[in-house]
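This briefing covers a two-chain model, by topic. Cut-offs are given where a term is used.

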Protein chains: 2
Amino acid sequence: MSIREQGYFNEENSADVVISRIAKSTEPRLAEIVGVVTRHLHAAIKEIEPTQDEWMSAIQFLTATGHMSDDWRQEFILLSDVLGVSMLVDAINNRKPSGASESTVLGPFHVPNVPELPMGANICLDGKGEPMLIKGRIMSTDGTPISGAKIDVWQTNDDGFYDVQQKGIQPDFNLRGVFRTSEDGTYRFWGAKPRFYPIPDDGPVGKMLESLGRHPYRPAHLHYIIEAEGFQKLVTHIFDPDDEYIHSDAVFGVKKSLLAKFELIDNPEIIAIEGANSSFYKVVHDFVLAAAS
Amino acid sequence: MSIREQGYFNEENSADVVISRIAKSTEPRLAEIVGVVTRHLHAAIKEIEPTQDEWMSAIQFLTATGHMSDDWRQEFILLSDVLGVSMLVDAINNRKPSGASESTVLGPFHVPNVPELPMGANICLDGKGEPMLIKGRIMSTDGTPISGAKIDVWQTNDDGFYDVQQKGIQPDFNLRGVFRTSEDGTYRFWGAKPRFYPIPDDGPVGKMLESLGRHPYRPAHLHYIIEAEGFQKLVTHIFDPDDEYIHSDAVFGVKKSLLAKFELIDNPEIIAIEGANSSFYKVVHDFVLAAAS
């Protein structure tokens, strides 16, 4: 059989025929990526054996997902999130040395250039929800405290929305803040106990979740980006282990090491020591940064 | 380790964690499909190890592909076509018994309710290009001629466009026709020698092809849908084996059994016998229909 005859497409050689066509690409990384995608796509189709109608449904789903996306809504990122792809890409790009804190997804609600606040400030500007004291220490993998580390935090308000989802309703920069660790590597600020919330579920991805018997909720969490000179940037969350969705985060962001007890403090002495007026929640969580490579 | 602890996502168990979430779907076929897609998608990502920027480029490519699609243009079908997915789905859905003619993709340019024409009619209404006589026989797998088989044919004109791509420029139903085979199973009509043409390449899929060093052309071909009572419908093409793109069809539609010599006839005696005035091309191709199952 000549090389040309081998080139005819059939059910057995389908992926090889497609991949052989891109062997001369001048963009080798793109060719590699398209090659791997083609091989797995053909393998999936051989396993699924879709009818023509099922194939057309897939085309229509992808088209609707594109049409749902604009500058304010990215339905393909949601699709990547709910299939665990975003978390997998995050894991691949953030392999940490033993002992370093684990990363999780950035999510779509981070805002740059948030004002830096003094340690102990309260980022809850709408006064809603239950007060929460968040504190801990930033360290290197050998346990040395990191002073001057930048901590960028953000969370939902008590209605389950980020400020940028409710512009004009929530105060600007509500429940966001940037802090710098003290000499001893510690940080401390006040927020509100975060709430679980649904990812946007009024599009094709939400419909798919429903058909699959899946809910759209993310368990309550607090976002962190932690940066310090000489260390790898850490993008992560801490999660409320008592949240009802803690074992079924719609985007698979939960890791065991990121669970942090949201503890109710109602002892009058401790309330007084922490400078509060009434009962509050407290979460203490330390982070360990990996050295820059 | 408890079942719940196993549920935490990590790089190794990522696909299993996602798939375990859809085990209770009330749509088992959808759950099966999403499960297979998830497993292959995660395997592909582990192999590719995309950077965050590459992942975002993929999100943007899919979004642009959705935005390019509307009622008149289906960029996701083009993507399926150029990755060989459409042909693979066609192959899976059209496994024919030994001896039966092979199928290939329908393509987007079929038109229903085309007028039935008498055998020997000329479907070339714009008078462009080189005349071509197309004839052959429709048979069952045991060689019995099939009389009254319906043959629905369509092709590009000499400029490389289908009539529906040039409404108002080409006459309606130019280079389309429906015929019925004679008692002896034969068919015969006149058209124009078809031309190679590009698939629409001004969108994201065209840009991808260019980056991959691939051209957008389909080799010259003639479309057929053949139907007869008691037999499986056959959707196929015949291809010009001398076309410069015959070994590199952008959508992988070519099969060896679908090559049909487009022969130049310039012998005055044969020209007279076939009722022509000048030289013409001739293609003779028989089709074998599989019995209905």
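**Lead**

Ile151(B) stands opposite Phe179(B) in β3(B). The model is a predicted one: local features need pLDDT of at least 70, side-chain atom pairs count only at pLDDT 80 or more, and totals for chains, interfaces and linings use all residues. Residues are numbered from 1 along each chain as its sequence is written, while chains are lettered from A and ligands numbered from 1 in the order in which they are written. Helices (H or I, at least four residues) and strands (E, at least two) are DSSP runs, numbered from the N terminus.

**Sheet of chain B**

- The strand order in this open, four-stranded sheet of chain B is β3-β2-β7-β8, with antiparallel pairing.
- Two strands are said to pair if DSSP finds at least two bridges between them.
- At the edges are β3 (176-180) and β8 (234-239) of chain B, each pairing on one side only.
- From one strand to the next, the twist averages 20 degrees; axes are lines fitted to C-alpha atoms, for helices over the stretch in contact, and angles run from 0 to 180 degrees between N-to-C directions.
- Strand β2 (residues 150-154) of chain B is joined to β3(B) by five bridges in the antiparallel sense.

**Sheet of chain A**

- In chain A, four strands form an open sheet in the order β3-β2-β7-β8, and the pairing is antiparallel.
- β3 (176-180) and β8 (234-239) of chain A are the edge strands, each with a single partner strand, so one side of each has no neighbour in the sheet.
- Ignoring direction, neighbouring strands of this sheet are turned by 20 degrees against each other on average.
- Strand β2 (residues 150-154) of chain A and β3(A) are paired in the antiparallel sense, over five bridges.
- Val153(A) has Gly177(A) in β3(A) as its bridge partner.

**Relation of the two chains**

- Chain B is superposed on chain A by a rotation of 180 degrees with 0.0 Å of shift along its axis, at an RMSD of 0.1 Å.
- This is the relation of a two-fold axis.
- Gly66(B) has the C-alpha nearest the axis in chain B, 2.0 Å from it.
- The superposition is by least squares on the C-alpha atoms of residues with pLDDT of at least 70 in both copies.

**Interface**

- In chain B, 66 residues are in contact with 66 residues of chain A; contact means that the C-beta atoms of two residues, placed from the backbone, lie within 7 Å.
- On the side of chain B that touches chain A, at least two residues each come from α1 (3-6), α2 (14-20), α3 (28-48), α4 (52-68), α5 (75-82) and α6 (85-93) of chain B.
- α3(B) gives the most to that side, with 15 residues.
- The side of chain B that touches chain A has 32 nonpolar, 23 polar and eleven charged residues.
- In that count, Ala, Val, Leu, Ile, Met, Phe, Trp, Tyr, Cys and Pro are nonpolar, Asp, Glu, Lys and Arg are charged, and the others, Gly among them, are polar.
- Ile48(B) lies in helix α3 of chain B.
- Ile48(B) is buried, with 21 other C-beta atoms within 10 Å.
- A residue is buried if 20 or more other C-beta atoms lie within 10 Å of its own, exposed if 12 or fewer, and partly exposed in between, with C-beta atoms placed from the backbone.
- Apart from its neighbours within four places in sequence, Ile48(B) is in contact with Ile33(A) and Val36(A).

**Helix α5 of chain B**

- Eight of the eight residues of α5(B) are buried, so this helix is largely enclosed by the rest of the structure.
- Among the elements covering the buried residues of α5(B) are α4 (52-68) of chain A and α4, α6 and α7 (204-211) of chain B.
- Gly84(B), which follows α5(B), has a positive phi, near 75 degrees.

**Chain A overall**

- Chain A contains eight helices and eleven strands.
- Its C-alpha trace spans about 85 × 40 × 30 Å along the principal axes of chain A.
- Of the 293 residues in chain A, 41% are buried.
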